[in-house]
Structure formats: structure tokens, C-alpha cells
Amino acid sequence: MANVIVIGAQWGDEGKGKITDLLSRSADVVVRYQGGVNAGHTIVVKGQTFKLHLIPSGILYPNTDCIIGCGTVIDPEVLITEIDQLEELGISTRNLLISETAHVTMPYHRLIDQASEERRGSHKIGTTGRGIGPTYADKSERIGIRILDLMEPEGLREQLEWTINYKNVILSKLYNLPPLDPKEVIDQYLGYAERLRPHVVDTSVKIYDAIQRRRNILFEGAQGTLLDLDHGTYPYVTSSNPVAGGACVGTGLGPTMIDRVIGVAKAYTTRVGEGPFPTEMHGELGEFLCDRGAEIGTTTGRQRRCGWFDAVIGRYAVRINGIDCLAITKLDVLDELEEIKVCVAYEIDGERCEHFPRNARRFTLCQPIYKTLPGWGVSTTHCRSLEDLPRQALDYLKFLAELMEVPIAIVSLGASRDQTIIVEDPIHGPKRALLPVESTSASLLSA
Ligand code: GDP
Ligand code: IMO
Ligand code: MG
């Protein structure tokens, strides 16, 4: 058995959905631990495309339990639509379990998210407008509505009447928006509660039970390391902790139970929304990557910003998440390029810099230092083993692994399950080697 976390090593949309679905084949339980319907995870199976926002990407396997953990925020309307859509396609959601302590996104969260973005003008974050930040803010402010509150009609009525009247002051006085009708919202959410009730449990018990029974558990991150509230490019981040550590808090799992962390990274970089992005390409090449990679947001339909692979943030993701191995996706998107650049470090104020500055304003001043590698100029979408890859593609992958100092366990060359090379067992492969003790202490002494 193994408990494995799959995380995004960049700014989201790395292909976590595809990789989680692929690994779910040998998982008994798949768990989402943070984020909400801001996520959009795409899975393509036999030509059919599934776009999941909240339901874990293990749902396509009938015998896999799928858990939405306590660290997520749940928009019941979107979740119910997602359940209905899957059922219509013949995918059973019987095995879906929802944490009773996850927080609920309410209509006022969406309204406040959108209105506050508008108010910020040129300082906007470029959120998905799905109410994520305001839902987490209410959780911290201790005025959030949890799934278990939805399950108790009398208590919910009382709690929501107070909260909606409070939020109406903000909506009308701060944002000039019409107030919400408490009765209407309460009735609507009581309806959602009845739909979700059969799925609601204390998921931490289920997860612990699965661990005790030596079952394989996959923890599916949403968003990515650089969008993490604490470790990302603040303030241009989301409001949760997508990093591997978030899996413990967001499920009630002890850190000693984690066996492995798999980092998913594209062979280039994308970002949706505002914020620094040193390797971003604005001209023809950026558009080429966007077209070839079909880089249109799954959740908002916005065009993703595209740029070269950035090994500075890659190394950072390895460190912050304790990544054991990598899944490199969308290598095929680079197939036609004559040459490919990789950012190996930044230059700021004339000085070389190996780590990204934590101040967003300074980060925007970083100039990438590139190493240029030759392209391969042939399609790789049919490759199913490393031997099938052109030499230059192999060299490119080796270069990325060297820069990131972790092995590549999976290479993805297309959206479908079969367009994948498994280089080494991503779940049971060796733990990442650390420096020998002598060299660690030497570097500590010289620091
Ligand atoms: P996630 O949010 O990390 O799950 O990623 P998204 O699903 O938002 O975006 C990744 C997109 O790339 C999806 O449309 C996938 O179907 C697609 N995709 C995943 N892996 C590959 C790949 O190796 N090659 C290509 N061309 N597309 C891929
Ligand atoms: P997946 O799981 C890419 C970005 C938004 C915005 C910032 C804050 O599909 O990788 P939010 O609505 O969360 O308050 O927006 O985070 N963002 C994502 N970008 N992929 C995602 O999810 C994202 N979820 C949020 O674009 O910049
Ligand atoms: Mg996505």
C-alpha cells in the first residue's frame, strides 16, 4: 500500500487530472484536499472528455472511493450539476463521500468575489469569480457555513438569517448591489442539502480506516505550488494550500502517513489570471504554444498565458513539496519547435538569482537566464517508451530532471490515458535521494 500526493508544480493546469486518473487505476481511494470549483481537471478516455471541478479524478473507476476532504470549499450547485452530468454519462457517483466539515460557498461569496475584483481595477488578482477567496475568508473569520450546518434545517435557518443580513450590508453599502433574500437562499440550500445528504460523512474516519486496511490512497491537489496562499506568488494566489503539506490539514491525515509526492509539471509553463510570470512569451511563440496546447481555461474559458519551462520555480516546487518524482506533461506541444528554451536562473539588478524573490513587485523585475536546447521536429504523440522518443526530446527531459534534481517517472504526450510513458513506477519507486550526511553538514557550516 502507499499514500501518494499528486500536486501541481507550477501555476495550475499542469495536467493533474490526467495523471490522477491514470494512477487511480491502482488506487482504492482518491481524495481532494483543498480548493473548490475554481479547479478544472480534464480527463480524456477513449475520446470522451470529462471536466471535473470538485469530484476527484478517480471517479471514472467504479470501485474507487472518491472523497472531498474538509480542506475544500464546496459550491453545492456546481457539485450537484457535476454529479448529475456524470450519472447521465453512466458514471456512478455512489462512491462519492463529502466531508461534513468542508465549508460551503454561498451566493454572497460569488457576488463579493466578482465585485471586489471589479473594485480592485488594475490591482485585480484575476480570480475565477467562483467565490473561493470569500468562502475561505469566512472560514478564517469563523462565520462560515459548513456542510454539517446544511444538514440541520433549524440551525441553518437561524445561522443563515444572521449571516445573510450581515452580508447584505456589505453587498449594498460597499458594492452597491441588491440585497439577497434570506428565505430564498435558505430554501435553495436546504434543497441542495437533501441531494448531498447521502454522501456526507466524517471523511477523516474513512481515510484513517482505509490506511489501517493498507489501501492505496491518492491525494489529488488542485491549483499549483505557485498559487499556494503561503508559498505562492502572493497576493496573486488562491486562498488555500495546494502544496503537499495541505493534504494533511485538508483531510485530517498525519504527516507520518504520507509515502510519496508526485509533482506534475508541463514541459513549458502556463498561468491564468494576473501576477508575475518571468518566462511568459507575448509574441508569435506564445500564441503558438497556446494554440498547440489548447491553453484555454477549463473553468473560466480564459486564455492561459504561456511561456518557457522555468526551472527556478520547478526547483522551488521540489523543495516546498518534497517531490519524489515528476510527471512531465504536454511534451508533444513542443514537437514542432526548432529550439526550446529553459529558464535556469533569473537576473535581477544585474545579479544572478537562483531563488524567486518573494515580493511580487521584485519578481516582475526578474529577467530569465535561458539555456537553449535543440528541438526534435517530429511528432511524439505515438511514443510509448523512452526508446521511441527522438534523441533531442530525451535530452530535453534529462536536462529538466538534472535541473530539478528529481527523476521523471511519467512523460505525457497527449490528453488520452494511453498517450503516456511510464518511466519508473511513480507510486512505489525509490524515495528521493538526499545529499550524503557529510556534504549536508559541510554546506550548513559554510552557509
Ligand atoms: P489540471 O487542472 O492540472 O488537471 O489540468 P487541466 O485539465 O486544466 O489542463 C490540462 C489540459 O491539457 C487538459 O485539456 C488535458 O486534457 C490536456 N493534457 C493533459 N496532458 C496532456 C499532454 O500530455 N498533451 C496534450 N497535448 N494535452 C494534455
Ligand atoms: P486547477 O486545479 C489555474 C488562479 C486564478 C487566479 C488565482 C486566484 O485546474 O489547476 P481563485 O478563484 O482561486 O481565487 O483565483 O488562482 N486559479 C487557477 N489557475 N488552475 C487552477 O486550478 C486555478 N484555480 C485558481 O486564475 O489567478
Ligand atoms: Mg485545470
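Predicted model: local features only at pLDDT ≥ 70, side-chain atom pairs only at ≥ 80, totals over all residues.

Residues are numbered from 1 along each chain as its sequence is written, chains are lettered from A and ligands numbered from 1 in the order in which they are written, and side-chain values use heavy atoms, with hydrogens and water left out.

Select the magnesium ion, ligand 3: its protein donors are Asp 13 (OD) and Gly 40 (O), 2.0 to 2.2 Å away. Donors here are N, O and S atoms within 2.8 Å of the metal (3.2 Å for Na, K and Ca); water is not among the atoms, so the site may look incomplete. Asp 13 sits in the loop between β1 (3-8) and α1 (16-24), while Gly 40, 27 residues apart from it, is in the loop between β2 (29-32) and β3 (41-45). Helices (H or I, at least four residues) and strands (E, at least two) are DSSP runs, numbered from the N terminus.

Now pick ligand 1. Of the 19 residues around it, Lys 16, Gly 17, Thr 42, Asp 332 and Ser 412 come nearest; a residue counts if one of its heavy atoms lies within 4 Å. Zoom in on the ligand's oxygens: one is 2.7 Å from a polar side-chain atom of Thr 42, and one lies 2.8 Å from a backbone N or O atom of Gly 15. Finally, colour by element: α1 gives the most to this shell, with three residues.

Technical notes: Polar contact = N/O pair within 3.5 Å; in protein donor to acceptor, adjacent residues only side chain to side chain.
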